[in-house]
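Colleague: I am new to this structure and would like a close look at its salt bridges. Could you walk me through them, please?

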Amino acid sequence: YAQSAKVFLGEDYWDNYTIEATVKRLSGRSILILGYATDNKNGVSFGITDKGFFLREMTEGSEKPLKASIILPKIDSGETFVLKLVFKDGNVNAYLNDRILFDNAKTSLIHGFAGFKVWGDKESAHGVLTSLKVYPSQ
């Protein structure tokens with residue numbers, strides 16, 4: 001069985017856009033949205049794990065936090081969240097349920113696909129994507 005699944009959409013040359021998704025993690029470790037992804041080794045991810053929220057950048061396969069993760073005692077599966085990434089002129093802001101969670105993070109990436117991913121390290125990952133919007137950032 002596959003422990004994770006990933007979907008890219010849009011075009012590699014997209015820049016200065018917003019991706020917004022309503023998601024629910026059913027099983028697995030995390031569910032996330034992706035931006036400025038050019039392949040499996042490059043992109044920005046914002047998501048939910050079983051223990052908190054994160055904003056990360058992967059460059060040439062090396063992942064680093066863009067801002068310190070927010071750790072919580074536990075996030076139960078089955079809760080619905082609205083995740084939003086806003087890319088504008090080399091900065092990225094991440095929103096959870098329309099409230100800013102990570103602001104003015106600098107990214108070295110300048111364009112790429114949008115996307116969605118579920119991941120599990122010990123079990124198969126399942127999630128629900130209720131809505132997905134991609135539009136130019138203001």
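Modeller: Happy to! A salt bridge here means a side-chain nitrogen of Lys or Arg within 4 Å of a carboxyl oxygen of Asp or Glu. By that rule, this predicted model has 3 salt bridges. As background, side chains of opposite charge can pair when their charged atoms come close.

Let's start with Arg29, which forms a salt bridge with Asp50, their closest N and O atoms being 3.1 Å apart. Arg29 sits in the loop between β2 (17-27) and β3 (30-39), while Asp50 belongs to the loop between β4 (42-49) and β5 (52-59), so this pair ties together parts that are 21 residues apart in sequence. Arg29 is partly exposed, with a relative accessible area of 30%, and Asp50 also counts as partly exposed, at 22%.

Arg29 meets Asp121 in a salt bridge too, at 3.4 Å from N to O. Because Asp121 lies in the loop between β10 (113-119) and β11 (126-136) and Arg29 in the loop between β2 and β3, this contact ties together parts that are 92 residues apart in sequence. Asp121 is partly exposed, its relative accessible area being 34%.

Now for Lys64, which pairs with Glu57 in a salt bridge whose closest N and O atoms are 3.9 Å apart. Here Lys64 is partly exposed, with a relative accessible area of 44%, whereas Glu57 is buried, at 2%. As for networks, salt bridges that share partners join Arg29, Asp50 and Asp121 into one.

Technical notes. Residues are numbered from 1 along each chain as its sequence is written. This is a predicted model: local features need pLDDT of at least 70, side-chain atom pairs count only at pLDDT 80 or more; totals for chains, interfaces and linings use all residues. Side-chain values use heavy atoms; hydrogens and water are left out. Helices (H or I, at least four residues) and strands (E, at least two) are DSSP runs, numbered from the N terminus. Buried means under 20% relative accessible area, exposed over 50%, partly exposed in between (1.4 Å probe, protein chains only).
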